[in-house]
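Trainee: Could you walk me through this one? I'd like to go feature by feature.

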Amino acid sequence: MRLIDKNSYESKYSGDDRHVYRGRRLKSEPPVERLLDSMATYVSSALKSAVRKWSDDTAGLLTHVYFETEPMQQIEPGDVLDFRKAQAPQKVVPVPAMKLSAKKMQQAREALSSLRRRTLEAPTKTPADTGPYDDAFLHALEHEDVSEGGASFSGVTAFGDLRQPEIED
């Protein structure tokens, strides 16, 4: 049974043949989501966080590995890496969840469902359209045709001293 797949391709830099090796997922293997659900929350959360952090930042990952991990610190090219310097992650002690009555569980589910529904139904607003609006803004809306790409403005805005004023006793 083959557990590793080899995909070959020609390097666009050197023209040499290159290979990418991937583990083959067995039909009997559970999907990733089920695997994550079977892990302790602190493990799956750390794993998801790492994937989010590094999945599209190869340069950042390499910088982290080469300059911020214990085995790589204070070495010179050609030195043998000492992985005994690596520190084990701090063990997280799980906190047992409180036992809730069926009534409390139902109330919690309803509260979460309500929050989810309100979040999905709420109109999304950007800071530009949330106000507050003063009379000058409302007056400008009445007199400007903003339906065709908005009004155009030009000019100079001068700001005074924007530092926090000193408070006198």
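Trainee: How many salt bridges does a search of the whole structure find?
Mentor: Keep in mind that this is a predicted model, where local features need pLDDT of at least 70 and side-chain atom pairs count only at pLDDT 80 or more, while totals for chains, interfaces and linings use all residues. Residues are numbered from 1 along each chain as its sequence is written, and side-chain values use heavy atoms, with hydrogens and water left out. A salt bridge here is a side-chain nitrogen of Lys or Arg within 4 Å of a carboxyl oxygen of Asp or Glu. The search of the whole structure comes back with 2.

Trainee: Which residue forms a salt bridge with R18?
Mentor: R18 is partly exposed, at 38% relative accessible area; that label sits between buried (under 20%) and exposed (over 50%), with a 1.4 Å probe and protein chains only. The closest N and O atoms are 3.8 Å apart, and the partner is D16.

Trainee: And what is the N to O distance in the salt bridge of R84 and D82?
Mentor: R84 counts as exposed, at 75% relative accessibility, whereas D82 is partly exposed at 23%. Their side chains meet with an N to O distance of 2.9 Å.

Trainee: Back to R18: which residue is its bridge partner?
Mentor: Strands are DSSP runs of E, at least two residues, and helices are runs of H or I, at least four, numbered from the N terminus; two strands pair if DSSP finds at least two bridges between them. Elsewhere in the pairing, D5 stands opposite R22. For R18, the bridge partner is Y9.

Trainee: Which residue in that hairpin takes a positive phi?
Mentor: Look between the strands, where the hairpin of β1 and β2 has 6 residues. The phi in question is near 80°, and the residue is G15.

Trainee: In what order do the elements of the chain run?
Mentor: The secondary structure comes to 5 helices and 2 strands. Read from the N terminus on, the order is β-β-α-α-α-α-α.

Trainee: Is S44 buried or exposed?
Mentor: S44 lies in helix α2, residues 41–54. Leaving aside neighbours within four places in sequence, S44 is in contact (heavy atoms within 4.5 Å) with L36 and M39. Its relative accessible area is 7%, so S44 is buried.

Trainee: What share of the chain's residues count as buried?
Mentor: The chain exposes about 16,600 Å², with carbon and sulfur atoms supplying 55% of it; areas come from the Shrake-Rupley method with a 1.4 Å probe, and for residues only the protein chains shown count as cover. Among contacts between residues at least 6 apart in sequence, 4% join residues at least 24 apart. Of the 169 residues, the buried share is 4%.

Trainee: Where is F67 found?
Mentor: F67 is exposed, with a relative accessible area of 62%. The element that holds F67 spans residues 58–68 and is helix α3.
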